[in-house]
Amino acid sequence: MTDKTLTRMDLSDAVHTQVGLSRNESAELVESVLQHMSDALVEGEQVKISSFGTFSTRDKAARVGRNPKTGEEVPIHPRRVLTFRPSHLMKDKVAAGNKS
């Protein structure tokens, strides 16, 4: 595995290079897309990106957990979690990348 991480700057550089927008416009575009995605998720909507995957939120109920070190029972409060389900195309692409 590599330690490379794709950042917002990398995305805006790719938009700048491939679309031809200025660096500032590219950064604003990336920020706008990410903001729209996060706003939709906060509202409980799904975010589907064709050939990539689906982001959604899920409510998890309260439960009793256990501290693995001490064995002490600890209450885990109800919460919302973010989930991602990759598309079949993305799964296949990643699997093909693992073979090389």
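**Sheet, pocket, helix**

Three bridges join β1 to strand β2, residues 53–60, and the two run antiparallel. Keep in mind that this is a predicted model. Let's look at one of the pairs. V47 has F55 as its bridge partner in β2.

Now the whole sheet. The sheet is open and has three strands. Their order is β1-β2-β5, and the pairing is antiparallel. The edges belong to β1, residues 47–49, and β5, residues 79–86. Each of those two has a single partner strand, so one side of each is left without a neighbour in the sheet. From one strand to the next, the twist averages 25 degrees.

On to the pocket. The largest pocket has a volume of about 160 Å³. Which residues line the largest pocket? They are R8, E31, L34, Q35, M37, S38, L41, F55 and L82. By class, the lining has five nonpolar residues, two polar and two charged.

Last stop, helix α3. This helix covers residues 88–99, twelve residues in total. From its first C-alpha to its last, α3 reaches 17 Å. That is close to the 16 Å expected at 1.5 Å a residue. Is α3 largely buried or in the open? Buried here means under 20% relative accessible area. Of the twelve residues of α3, the number buried is one, so the helix lies largely in the open.

That's my tour. Over to you.

Terms used. Residues are numbered from 1 along each chain as its sequence is written. This is a predicted model: local features need pLDDT of at least 70, side-chain atom pairs count only at pLDDT 80 or more; totals for chains, interfaces and linings use all residues. Side-chain values use heavy atoms; hydrogens and water are left out. On a 1 Å grid over the protein atoms alone, a cavity is a set of points where a 1.4 Å probe fits but cannot get out, and a pocket is an open set with protein on both sides within 12 Å along at least five of seven lines; lining residues have an atom within 4 Å of a point. Grid points are joined across faces, edges and corners, and a volume is the space filled by probe spheres set on the points. Ala, Val, Leu, Ile, Met, Phe, Trp, Tyr, Cys and Pro count as nonpolar, Asp, Glu, Lys and Arg as charged, and the others, Gly among them, as polar. Two strands pair if DSSP finds at least two bridges between them. Helices (H or I, at least four residues) and strands (E, at least two) are DSSP runs, numbered from the N terminus. Axes are lines fitted to C-alpha atoms, for helices over the stretch in contact, and angles run from 0 to 180 degrees between N-to-C directions. The expected span of a helix is 1.5 Å times one less than its number of residues. Buried means under 20% relative accessible area, exposed over 50%, partly exposed in between (1.4 Å probe, protein chains only).
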